[in-house]
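Here is a briefing for a first look at a protein model, working from the whole chain down to single pairings. Please keep the sequence and the structure in view as you read.

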Amino acid sequence: MQRMLINATQPEELRVAIADGQHLLDLDIEVPSQEQKKSNVYKGRITRVEPSLEACFVDFGSERHGFLPLKEISREYYRGDTGKTEGKVSIRDAVREGQELIVQVEKEERGNKGAALTTYISLAGRYLVLMPTNPSAGGVSRRIVGDERQELFEQLKNVTSPDNVGIIVRTAGIGREAAELQWDLDYLLQLWTAIEQAAKARKAPFLVYQESNLFIRALRDHLRNDIGEILIDDEKVFNDAREFIQQVMPHNLRKLKLYTDQVPLFNRYQIESQIESAFARVVHLPSGGSLVVDHTEAMLAIDINSARATKGADIEETAFHTNLEAADEIARQLRLRDLGGLIVIDFIDMMSRKHQREVEERFRHALQMDKARVQTGRISRFGLLEMSRQRLRPSLGESSQETCPRCSGQGQIRSVESLALSILRLVEEESMKEFTGQIVVQAPTMVANFLLNEKRQALHDIQKRHEVPLVVLGNEHMDTPRFEIHRVRKSEVTDDVSYERVTGPDRELVASEITQASGIGAPAVARINPSSPAPQPTAKKSGGLFSRLGKILFSGGTEGAEGGEKPGKTARKTRRASAEDRDGNRGTSSGRPNPRKRGGKKQPRKKQQRKKQQRKKTSQKQGQDKQPGNEHQHKKTGKKKTSKRRRRKSAGKKVEPQQAKADTPESGDSKPESSEQNSAPRKKTGRRRRSPYKTGGNKPRNTENTSKTQSGDSNADKPNQRPETSASNAQNQGQPERQAAPRTVTEQSQDKSGQAQDKPAGKPVGAERKPESSSDSGRGKQPDSSKQAGESLPANVKPAGETRGLYTLSGDKKTDKGSA
C-alpha cells in the first residue's frame, strides 16, 4: 500500500515523501527560509524594453528583474495603436516602459538568470486548471487517453463556464462527475475575481497571490486513489491538512492520520537512508554496479559502471542486467532529486540490438509515473541516451546544497607544487614591467613555505635579474588554490613591516537596510474558502461477476434486454430489422449477403438458374396482387464487396424485386403513355451493383443500349444497386424511373423512342447485349459480335464491362430462355 508521509517536526525543513511499503517513490523538501516564487502572481511594472531580445524586463518585487518575452504577453495589455511591421508585432509598439501588468512566475531564478514571467495566468485546482487570460486554451490533460478522455469530454459539456476563460482537466479529474468539476471551477473563478480586485487596489510591485505551501500542494497534486494513508507527525500541520481536505476532498478525510509514535516517521518505514542517497554523487545498485551523477553547465551526465557486478554468464549479459537495474534507478533518482534540463546517460556498451531496445523500453516504462514532461531518445552507437525533463521546481541540490567555497563547484583543486610554480612565473612577469618598485605575494602557508625553502634560489635569481625586491607572505586565512600578487610602483613603496601586510578574512554581509527593504511581504489575496462544500462523488453501481459474465457470453439477448448493449450492435440490429420490415417477408433476404458469413459450399450453376427463375415467377405473381399506389420505393444500404470469392458465394442469394409507384412524367419532356401500360402493374427496375474490377475494358456497345446504360450509371456511385432481371426489363421498357436527380436528355429520348418501338413482351431488352460474367471471362468467352467496334461513347457513360455486380446479369443465355 502506498503512503504519503509528511515530516514537519523540524521548523527549518518540511519533507513530504511517497513510499510504497519501504520503497521511496517520490520526495519533496521545502526550506521555509528559501522563498518559492514559482506560480505566484505579482503585479509588476515594465522597467526596460529590449527589441533585440523581443522581450522586456519587469520589476515584480524581487532583487533581479523578471524576463517577460513578447510571446508571453497577452493581447489585452497591447496598446491601442499597436500595428504589425512586416507581419510581426514589435514589442516596442505593443508595450511601454512604466506599464503595470499582472504576471505569474513560470520559472524560478537560477544562477545569474532572473525569473521567467508570463501574463497567461494559470490557477491550479483539485481537478481543473483555470486560465482566465487565455480562452483559446483548454481541454483534457495529455496524460489521459482512451475511454477516460472521451468520458471527460462528455462531462465537460455539462460544465458551465464563462466564454473568456480556458479550462484544462487534470489527471485527478478522472472518473469525476460534472458536479465536482463545476464546484472546482466555481472556486477558481472566485479566486481569480479576488486577484483582479486586489491588483486594482495598489500600485506595482507587490505580491498578489501566493501558491499554497508544500503539504497543501502535495495533497492537491499527489493524492491519488491508490494512496491508502496520509501520516503527519506534527499536530499543527495535521489540523491545516484536515481543514483543506474537508473543504476540497472530504471523501479522502478517512485517510488522514496523526502519527504519534516515539520512533521517527521516516525511520519507521526505513526511508531515511534512501533519502540520503539522493544527495550522494555515487548511487549503488543491488547487483553491485553504480551510478555516477555529475552536473555541468550545459547538461547533466549520468555514467553507469558495472563495478562489482559479476553475476552474468558473459560480459554481454552482465552489461544487460546492470543496464536494466540502472534504468529503474535513474528514473527514480530523477524524481527524488527533481533534475531537469538536458540529460545524457552513458549505458554500458551492449552489442545486441535486442538488449538495447529492451533497456530503452524498461527506461520509458519506469518514467511513466513521473509527473514532469519527459522526452527520450534512443541509445546511439556510442552507447549514449539523450533525454530532457521538465523543471517543476528547483532541484534538490539547488535548494539544499551550497557551492564549495574552496573549489567553486569544480570538485578539484591544484596541488601545492603546481600552485607555487605558477606563482613563481607570474612574479617574474610582473617584475619585467617598468616603474615596478616592489612585488608582494600573499599565498597559503604551505605554498609560501615551499617558495621560501625549495624555490629560494629561483626567487633570488628573479630579484637579481630585474632588480626588484620580492616580499612573500604566508596568509593563514587563505586556502589553496587562492593567492594574491600585488605590484607596487616605485612612488608607492612603504616601509611597513611584512606581518602587518597580511589581509584578514572577508566579512560576510548578513543583513542591511537594502536587503530588509526588498522583502515582498504578505500576499494581498489570502486563502479563500469555497463558497459551498465539495459535492460527494456518487458510487457507480456495477453488476456482479455472474452478471458481467452473462453479458459477455450472451451479448445477443441478455445485453439487449438489460439495456447494456453496445451502440454499434444496436445500430446494426436496427438496420437489419428495418430492412426486413420493408420487404414484408422475413424468409426472404432483404439486403446484400452478410459479409461475415464466409462458410458454405458454392451452389451449382444450374441450381442457381432454377432458383432465379422461381424468384422471377414469384415476383410477377406478387406484382399482380399488389396495387401500384400502395408500394414504396426503398433503397438498400451496405458496403461494396470487393472480394471475388464473396461475389461467387453470394450469387445464389435471393433478391426480391420490388414495385414502385407510377411516376408522373416530366412536363413537356415525354409523351403520354398508353392505357395498356398504365393499367399493367409495374415493378421498379433494380439498380445495378457496380463492381470495382474493370473486366470489360473500353469496349464499344450498341447505340440502342447507350441510353439505358447511361440511366443506369446515374446511380452507379451508390454501392447497393440491384441487378436488373429480364422480366423487369421487359415490363419497364420506356417507363421513366423515379429518381431524386433530374432526368438527363438521353433518358428522355429513350422514353420517347421506347413508345415508338413495339418490342415483344417476352423478349428482354437487354438480351441484345450479352455481358460476360466473372466466370465466363475466366473460361475465355468472347463478347457478343453485335457490338460495334468503332462506336464512341458519351463522356458520362461507362463501358459495359464495368456494370457487373455480385449477381448474374439478365443478358445470360440460360436466364433469358427461362424468363421467356
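**Overview of the chain**

The protein chain has 25 helices and 26 strands, where helices (H or I, at least four residues) and strands (E, at least two) are DSSP runs numbered from the N terminus. The model is predicted, so that local features need pLDDT of at least 70 and side-chain atom pairs count only at pLDDT 80 or more, while totals for chains, interfaces and linings use all residues. Residues are numbered from 1 along each chain as its sequence is written, and side-chain values use heavy atoms, with hydrogens and water left out.

**Burial**
- Of the 820 residues in the protein chain, 41% are buried, meaning under 20% relative accessible area with a 1.4 Å probe, protein chains only.

**Strands**
- Strand S20 (residues 300-305) and strand S21 (residues 341-346) run parallel and are joined by four bridges; two strands pair if DSSP finds at least two bridges between them.
- Asp 303 has Asp 346 in S21 as its bridge partner.
- Between S20 and S21 the chain passes through helix H8 (residues 315-337).
- S21 also pairs with strand S23 (residues 384-389), in the antiparallel sense and over six bridges, and Ile 343 stands opposite Met 387 in S23.

**Helices**
- Helix H11 (residues 416-431) and helix H12 (residues 445-453) pack at an angle of about 65°, with their axes 9 Å apart; axes are lines fitted to C-alpha atoms over the stretch in contact, and angles run from 0 to 180 degrees between N-to-C directions.
- The contact (heavy atoms within 4.5 Å) involves residues including Val 416 and Ile 423 of H11 and Met 446 and Phe 450 of H12.

How values were computed
A crossover is right-handed if, with the strands pointing away from the viewer, the path from the first strand over the helix to the second runs clockwise. Buried means under 20% relative accessible area, exposed over 50%, partly exposed in between (1.4 Å probe, protein chains only).
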